[in-house]
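Hello,

Here is the structure I promised to pass on to you. Have a look at it first, and then read my notes below.

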Amino acid sequence: MRSLALAAVAALGFSLGAFAADEAPRADAALEINGKTIRLTNALVVQSGNEEGLDDAAHLLVFLSDKPMPLQVAVGATTLRAQAWARANNVSAVVLRGDPAGKSAAGTASVLAAPGLEPGGFASLANTQGFSALRVAAGRASGTVSFGASSTLVKGSFDAPISAVPITQDLKDREAAESAPAKAYVAYMAALRKGDLKEAGRHATAARIKQVEDFRAQAGEMFKNMSKEIPDSASLAKSVRRVVVRGNLASVVLASKEVNELVREGDDWKID
């Protein structure tokens, strides 16, 4: 979705031999971008099953960052939550996508946040040999990585347990449309359709509604026109095809393949 640059140092300073399931995650990598080199010493690995259908296949997701990243922000249909968290907390981070079985060296690297990166900026790098010595076994993943060239480069190594992200509910069609996350999504969109941001705020996180308020303040006419294009509640409810829940996070998948993510706050689901 977005674009950036990376480069790196990273002496591959650990053995890729036998795994120890209880060992802490390790990373010795670097991101080079905009003439700066940033050490990435934290690793978080999750398996993405692509249940929402946004990608072409399932992926092993490896988040490398200069400060620890909480699992909660790395979970979901997209990496937008991780990107927003990294930017809000001045964390430099990249996400690598690789073969979940560890059989292929091909993959991509995307910069989520880094010094000098413009708001909304994004950089994605692909390499058919980006992962070398990749190993996925016994609930753990390790490997060496190299993505990019010239001004943008990510290079180094990682070794980390694969964090479990179980699906607690997977609802389809009518069950999905009648679920609490879907109803919250429909109510949020209905409020936007009316231009009622106070009501929309009941169904959105504080950060999300602030983004909407800022957008309306900066582009009122555009906001008004976009609101008019939102379908009515009945049509939106009929378009819900699937709801995937992972603990306190949920994805509402529409017939158009659009995915909307929500987070549970207390007893309520809110657009995130």
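Let's start with confidence, given as pLDDT (the predictor's confidence in each residue, from 0 to 100). Helices (H or I, at least four residues) and strands (E, at least two) are DSSP runs, numbered from the N terminus. For the protein, the mean pLDDT is 88, with 90% of its residues at 70 or more. Over residues 1-20, however, pLDDT stays under 50. Where pLDDT is low, the predicted coordinates should not be read in detail.

A word on the ground rules: this is a predicted model, where local features need pLDDT of at least 70 and side-chain atom pairs count only at pLDDT 80 or more, while totals for chains, interfaces and linings use all residues. Residues are numbered from 1 along each chain as its sequence is written, and side-chain values use heavy atoms, leaving out hydrogens and water.

Now for the aromatic pairs (ring centres of Phe, Tyr or Trp, its six-membered ring, within 6.5 Å; planes under 30 degrees apart are stacked, over 60 edge-to-face, the rest tilted). There are two of them. Phe131 and Phe147 pair edge-to-face, 5.6 Å centre to centre with 80 degrees between the planes. This pair joins strand 8 (residues 131-137) to strand 9 (residues 140-149), its members being 16 residues apart. Phe215 and Phe223 also form an edge-to-face pair, at 6.4 Å and 65 degrees.

Enjoy exploring!

Terms used:
Contact = heavy atoms within 4.5 Å.
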